[in-house]
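Let's take a walk through a protein together, one piece at a time. Keep the picture beside you and look up each residue as we get to it.

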Amino acid sequence: HMCRSVRESWRPPEEEGIPPELKKLFQKKRCTNKRAMELMGMKKDAMARATPFTTAVKARYFKSRLTSHSRLPSLRLCSPTKAAFRKKNRRRRGHMKKWKQRGFAFVLALSLTTGLLTGAQAAVSKETLNEAVQDTAEYMYRTVQNPQVGSIGGEWAVLGLARSGYDVPDSYYQDYYATVEAYVTACDGKLHDKKYTEYSRVIVALSSIGKDARNVAGYDLTKPLGDYEKTIWQGLNGPIWALIALDSAGYPMPENPEANVQATRQMYIDRILECQLPDGGWSLFGGTEAASSGDGISDPDITGMALQALAKYQDQPEVARATKEALTCMSEQQSDDGGFASWGTANSESCVQMIVALCELGIELDDPRFVKNGNTMLDNLMTFYRQGEGFLHTQSGSGSNQMATEQGFYGLVAAQRAAEG
């Protein structure tokens, strides 16, 4: 409360110069500074720091901080009031010190029992992760009963199930392999004229179920990846997935006599490095002749994939440097909810690619660089998860999306495998 002597000491030099609302605010026992500051023309950053004050404290605050303002009344606290205020303040500080000591002891004890001091605390527990993997595996097995050769309902579903350890009958994978053989035979071994990621995707799936991609119905599916020019034709996806596919089972670089330029692993590595954007990441056509205006900004999907491809080559200084720059770029792009947006749209798949990238690089998902407002990428991915229904592509989606579910699934599996070491 403000004593009478303090009230009487408030005598502005020009009473009519003080706005009535400001004078009214000063008479209140407890209020915020915000409206008073607005009336005095204070800037928003100063107003943002306004907190509730008693009238006496408000008077001291205004006297010490705002005496130069033309609208500020002349304030003077009498000696008895100052002495009483100081005495009361000393008592409050003593009480606060005791409570802070007790509070710290409580927090410390809680930290030791919950692991709060071990780093960022992810909301997704190991148990929750395992349950989500199991549930999504059941959903995947139920919805993709007869996987085909394709980007949806095919290789990614097989990859997730194979790596998850879910109890799938051997006949499931045998039937898929028979489907691949029939498809390759019908195509005379040519899966696509231009998109060589078609070969890479099938190679990765076959490797996950223990099949040799170099002999599928008599065809070597790795051979096309020996053609450098054709592999890089479709953008950065080409060299990225060529490396991922060849490294999925340690395949040697295939020789391709029909190629104008015989590829090597190092050529694909160098291609990825030379396409790195100034901001540190990568986009589909960034750094290539086919680049458009939108390709100058790093995309989390492509950057995540590029990091996966480069993960096994960190012994090369240039690769290590590029990786560090890309991680910094992605840390800056990561949103407050822990996720990522591609082409302006927040989605689950972008988050998946970065999760897999960190797992391949051996970086914990709760690495401080990738925790925003307490949210990790895994926390964000789980916001797209629907129990028994798979994953959404975007939060505004009306239902589960098969492509998002397949990618979300193998993202969960990557996180689970990384957690288990």
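Predicted model: local features only at pLDDT ≥ 70, side-chain atom pairs only at ≥ 80, totals over all residues.

**A guided walk through the fold**

Residues are numbered from 1 along each chain as its sequence is written, and side-chain values use heavy atoms, with hydrogens and water left out.

Arg 271 has a partner: its side chain meets that of Glu 274 in a salt bridge (3.0 Å, N to O). A salt bridge here is a side-chain nitrogen of Lys or Arg within 4 Å of a carboxyl oxygen of Asp or Glu. Side chains of opposite charge can pair when their charged atoms come close. These two are 3 residues apart in helix α13, so about one helical turn separates Arg 271 from Glu 274. An α-helix has 3.6 residues a turn, so residues three or four places apart point the same way. Glu 274, though, counts as exposed, at 51% relative accessibility.

Let's step back for a moment. The protein has 18 helices and 6 strands; these are DSSP runs, numbered from the N terminus (helices are H or I with at least four residues, strands are E with at least two). Of its 421 residues, 48% count as buried. Now take the contacts, meaning heavy atoms within 4.5 Å. Among contacts in the protein with a separation of 6 or more, 66% come from residues 24 or more positions apart.

Back to the charged pairs. How many salt bridges does a search of the whole structure find? It finds 11. One of them joins the side chains of Arg 265 and Asp 247 (3.0 Å, N to O). That pair links distant parts of the chain, with Arg 265 in helix α13 (residues 265-274) and Asp 247 in helix α12 (residues 237-247), 18 residues apart. Both Arg 265 and Asp 247 are buried. Another bridge, between Glu 318 and Arg 321 (3.1 Å, N to O), sits inside helix α15 (residues 317-333), where the two are 3 residues apart and thus separated by about one helical turn. Glu 318 is partly exposed at 45% relative accessibility, and Arg 321 is partly exposed too, at 33%. Elsewhere, Glu 155, Glu 198 and Arg 201 are linked in a network of salt bridges.

Now look at α12, where Asp 247 sits. Why is this helix described as largely enclosed by the rest of the structure? Because 11 of the 11 residues of α12 are buried. Among them are Ile 240, Trp 241 and Leu 243. The buried residues of α12 pack against α8 (155-164), α10 (197-208), α11 (228-232), α13 and α14.

Next comes the nonpolar core: a set of buried Ala, Val, Leu, Ile, Met, Phe, Trp, Tyr and Cys residues joined through side-chain atoms within 4.5 Å. In soluble globular proteins, nonpolar side chains tend to be buried together. The largest core in this protein has 94 residues, and those with the most contacts inside it are Leu 161, Leu 206, Ile 240, Ile 272, Trp 282 and Leu 412. Helix α16 (residues 348-361) gives the most to this core, with 9 residues.

How does α16 sit beside helix α14 (residues 300-310)? They pack at an angle of about 20°, with axes 8 Å apart. Axes are lines fitted to C-alpha atoms, for helices over the stretch in contact, and angles run from 0 to 180 degrees between N-to-C directions. The two helices are therefore roughly parallel, since angles under 35 degrees count as roughly parallel, over 145 as roughly antiparallel, 65 to 115 as roughly perpendicular and the rest as oblique. Residues meeting here include Gly 304 and Leu 307 in α14, and Met 354 and Ala 357 in α16.

Finally, the axes of α14 and α15 come within 11 Å and cross at roughly 150°, so these helices are roughly antiparallel to each other. Their contact includes Thr 303 and Leu 310 of α14, and Ala 326 and Met 330 of α15.

Note on methods
Buried < 20%, exposed > 50% of the residue type's maximum accessible area, 1.4 Å probe, protein only.
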